[in-house]
Amino acid sequence: MDYEIIASMDRCAANNDSKSFFGAMGCAFAIVLSTFGAAYGTAKPAAGIFSSGILRPERLVPNTLCAVMAQILSIYGLVCCVVMIPSINEKMALHTAFLQLGGGIAVGLCALAAGFSIGIVGDAGVRASSQQPRLYMGMVLILIFSEVLGLYGFVISLLMITKSKSDVTKCLY
């Protein structure tokens, strides 16, 4: 018997039909958690942006930087989903499904944490820089450090998703 068929029979057992569920859940975790992070990172500083716009209306547009940076977090989750979706099918290896689940959780939770950080720093930074404009560059620097937390999860997620497609037994039967 052909070695590939024997390996496929062993690793792609017919009694486990829920493998694609784990890949789909990875995709769902990626988009949902990263969107929650982006939403919090946008909503929390919005109160500070509008209240500081009363004191200094000329600072309104520069202070929206934190909201823009928070929206990038949802793009990380979206890109991971777009990369994952073509390889989710009925007959997939369990190895692939679990790596996609791990990748989705990695990008989702990192983007959620980054969104919390951007929201808190953005709110305090916008209010402070409206009273003292020299604090703006410090706020931007801390926002960059917060955004990088989401980028770390994005990179690890892409590595996991890429690894899930290499050297995997094809489930033929």
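With which residue does Lys44 form a salt bridge, and how far apart are the closest N and O atoms?

Analyst: A word on the basis comes before the details. This is a predicted model, in which local features need pLDDT of at least 70 and side-chain atom pairs count only at pLDDT 80 or more, while totals for chains, interfaces and linings use all residues. Residues are numbered from 1 along each chain as its sequence is written, and side-chain values use heavy atoms, with hydrogens and water left out.

Lys44 forms a salt bridge with Asp123, and the closest N and O atoms of the pair are 3.7 Å apart; a salt bridge here is a side-chain nitrogen of Lys or Arg within 4 Å of a carboxyl oxygen of Asp or Glu. The pair links distant parts of the chain, since Lys44 lies in helix α2 and Asp123 in helix α4, 79 residues apart. Helices are DSSP runs of H or I with at least four residues, strands are runs of E with at least two, and both are numbered from the N terminus.

Buried means under 20% relative accessible area, exposed means over 50%, and partly exposed is in between, with a 1.4 Å probe and protein chains only.

Asp123 also forms a salt bridge with Arg127, where the closest N and O atoms are 2.9 Å apart. Asp123 and Arg127 both lie in helix α4, four residues apart, which is about one turn of the helix, and Arg127 is partly exposed, with a relative accessible area of 38%. Through shared partners, the salt bridges join Lys44, Asp123 and Arg127 into one network, and the count of salt bridges comes to two.

Helix α2 (residues 19-55) and helix α4 (residues 94-131) pack at an angle of about 5°, with their axes 7 Å apart; the axes are lines fitted to C-alpha atoms, for helices over the stretch in contact, and angles run from 0 to 180 degrees between N-to-C directions. The helices α2 and α4 are therefore roughly parallel to each other, a term for angles under 35 degrees, while over 145 counts as roughly antiparallel, 65 to 115 as roughly perpendicular and the rest as oblique.

As for the setting, the chain has five helices and zero strands, and of its 173 residues 40% count as buried.
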